[in-house]
Amino acid sequence: MFEWFLEDVYGAGMDTLAELTGVDMLGYPYMQRAYLAAVLIAVIGPLVGTFLVHREMSMISDTLAHTAFAGVAVGLFVNTTLSLSVPPMASALVVAVLTALFVEVLVEHAGEYTDSSLAIVLTGGFAVGSILITANDGGISVGIDAYLFGNLSTVSKENVGILTAMTAVVGSLVAVAYRPLLYVTFDATAARAAGLSVRWYKRLMVVLTAVVVVGAMQIMGVILVAGMVVIPVSAASLVASSFRRSVVLAVIAGEFAAVTGVTVAYVYGVAAGGSIVVAAIAVYLSVIGLGKAAGVGLSAYGEVSGRREDLEEVSADGGEG
Amino acid sequence: MIGSSHKEATSETSPEKVVSVDGVSFSHGDVPVLEDVSVDIEEGAFLGIVGPNGSGKSTLVEVMLGLRSPDSGSVRLFGERAVNFDDGERIAYVAQDATDTSRDMPVTVREVIRMGRYPRRLFGRFSEEDRRAVEKAMEEVGLEELSSRRVGRLSGGQRQRVFIARALAAEADLLALDEPTVGVDAESREEFYELLRDLNNGGMTVVLIEHDIGVVTEYADEIACINRRLYFDGDPSEFVETDALAEAYGKDQHVLSHDH
């Protein structure tokens, strides 16, 4: 079913686009997969990132990405030693989700996220990963670079399939739980007093983050995953006139960075994750620059968009849920 | 309109009590924060809680709202055990510094006020009633003009009104505020307290933690003075005539007076 979509619908569409535009790379199946993966990542990264950034816990995405690397290493290690064929993405997902819940439960008892506790988990995860990889030399180190820095050409059909499923799950969960997530992000204490199960929504948040970083790992690389979660959101927050719009703007900024980054990576033969992050930072800086240049223009934007509020009111905060 | 619903739920022990704190003690690790404190809040009351910094005022309110579980003693909220209380829409809480956080978060006045309806409508479409409650709350605190402005870009006084409007939209029966006017200019503060008085006259029960004794004696109809223990609980006019304040604050404490 998914394969049919990937080849006969999406693939055929991209082939046509390649012919029409005369851009060859759009016709290569592996590049088609890379673009699709990047586009999906740029939806879920900023989507979940918007809640994370405004709860001031964006570093958790970096932490979980590094423990996801340990998950990859576990998968490769188990495969080599026990002759299994566990997809590294699956073992990464399991390890990242477990770590996310572990960190969250720890926080529930200790009070707050601290830099040092996140640093311990981050380096610890990465340390375990590096040990497992070097303990079993030979075939295992193959492809590690792809997970560290991201790689366009290794995005398999299977991986795109998993990523599509992840996007659907993350997207619908955020859509359904939009209101409680927003309330918890904005004012967790009041949300708790108002009877929301704040603890469960916080857990949901970190689990979604784990899913996002694992999904994004293949293109972005574990080291740069946080960039896709944080930078588009920061750019959007500067100009967005409401929370709802900031989510949309962050996804747009993310898409721009993802498509630009993948294209640059192919054309110049450089790392995709790096190009995407640099493109995202370029967006962020341009927004600041334009804001400075416009000066009063920024507040004028607020006024103008204010009048459109009535139109959007009907669909405000998650009517789809 | 405010406080008119849910009367039937308060039947269990004493129908007129919104909060009943009985012999409550609480400690953070080895540090005692509250010792044998008993306070009741009647329906429609305006209770001011005063005490020096670190005297356990915030903890007391958190215990009242069921956000913290006391080490000993009992706390009832609308007749139910506070920690098990699950009728969250009846309670609105503006925590200390709540209004200061998320300055950079792009959330509008309307988006925040709509949160007041979330306990009733966490999923699914807002009903006509939900929308009306939001609009009405916005009008009552005079924020219609600012409805699509980002909360972080409002003045301190305006931001406070957003949080009050959220409580109004919730049609909460109990509003608890923890030092809500820190960093708000004097004129806005007075307006803010007048607004609280109006809400209270409309039937909403109010609990206010306030470091400015003058404000409390002027607006509250009951004062609880604590510093770990309860030093006074009663009428404001009696409070100023007792030594409770001096005792609670210690001899040479500097006490804020009303001439701000």
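Let's start with helix α1 of chain B, residues 57–64, which lies across β3, β6, β7, β8 and β9 of chain B. Its direction makes an angle of about 140 degrees with β3(B). Please keep in mind throughout that this is a predicted model.

In chain B, six strands form an open sheet, and reading across it you get β6-β7-β8-β3-β9-β10, with mixed pairing. Which strands stand at the edges? They are β6, residues 91–94, and β10, residues 229–234, of chain B; each has a single partner strand, so one side of each is left without a neighbour in the sheet. On average, neighbouring strands in this sheet are turned by 15 degrees against each other, ignoring direction.

Four bridges join β3(B) to strand β9 of chain B, residues 222–227, and the two run parallel. One pair to find on your screen is B:Gly48 with its bridge partner in β9(B), B:Ile223.

Now the other sheet. This one is also open, has four strands in the order β2-β1-β4-β5 of chain B, and its pairing is antiparallel. At its edges are β2, residues 31–42, and β5, residues 80–81, of chain B, and because each has a single partner strand, one side of each is left without a neighbour in the sheet. Strand β1 of chain B, residues 17–28, is joined to strand β4 of chain B, residues 72–77, by five bridges, and these two run antiparallel. Here the pair to look for is B:Asp22 and its bridge partner in β4(B), B:Ser74.

Stepping back to chain B as a whole, we have eight helices and 10 strands. Of its 260 residues, 57% count as buried. And if you take contacts in chain B between residues at least 6 apart in sequence, 67% of them join residues at least 24 apart.

What about the core? The largest nonpolar core has 179 residues, and the ones with the most contacts inside it are B:Ile49, B:Ile113, B:Ile164, B:Leu175 and B:Leu196. Let me pick out B:Ile113. Leaving aside neighbours within four places in sequence, B:Ile113 is in contact with several residues, among them B:Val134, B:Met138, B:Leu143, B:Val162 and B:Arg166.

There is one residue in chain B whose backbone I'd like you to check. B:Glu171 has a phi near 50 degrees, which is positive although the residue is not glycine. You'll find B:Glu171 in the loop between α4, residues 156–169, and β7 of chain B. Its relative accessibility is 27%, so B:Glu171 counts as partly exposed.

Chain A has a counterpart for that list. A:Ser83 has a positive phi near 55 degrees, and again the residue is something other than glycine. A:Ser83 sits in the loop between α3 and α4 of chain A, and at 63% relative accessibility A:Ser83 counts as exposed. In helix α3 of chain A, residues 59–82, you'll find A:Thr63. Buried or exposed, then, for A:Thr63? Buried, because its relative accessibility is 1%. Beyond four places in sequence, A:Thr63 touches A:Leu118, A:Val121 and A:Leu122.

Next, how the two chains meet. The contact takes 37 residues from chain A and 35 residues from chain B. Between them the chains bury about 3,000 Å², with 56% of that on carbon and sulfur atoms. Three residues, A:Arg179, A:Phe186 and A:Ala193, supply 24% of the area that chain A buries against chain B, more than any other three residues.

Finally, confidence. The model scores ipTM 0.86 and pTM 0.87. Mean pLDDT is 86 for chain A and 85 for chain B. In chain A, confidence is lowest in helix α15, residues 309–313, at a mean of 39, and highest in helix α12, residues 243–268, at 96. Over residues 296–321 of chain A, pLDDT stays under 50.

Conventions: Residues numbered from 1 in each chain as written. Chains lettered and ligands numbered in written order. Predicted model: local features only at pLDDT ≥ 70, side-chain atom pairs only at ≥ 80, totals over all residues. Heavy atoms only, no water. Pairing = 2+ DSSP bridges. Axes fitted to C-alpha atoms, helices over the stretch in contact; angles between N-to-C directions. Contact = heavy atoms within 4.5 Å. pLDDT = per-residue confidence, 0-100. Core = buried A, V, L, I, M, F, W, Y, C linked by side-chain atoms within 4.5 Å. Buried < 20%, exposed > 50% of the residue type's maximum accessible area, 1.4 Å probe, protein only. Buried area = accessible area lost by both parts, 1.4 Å probe.
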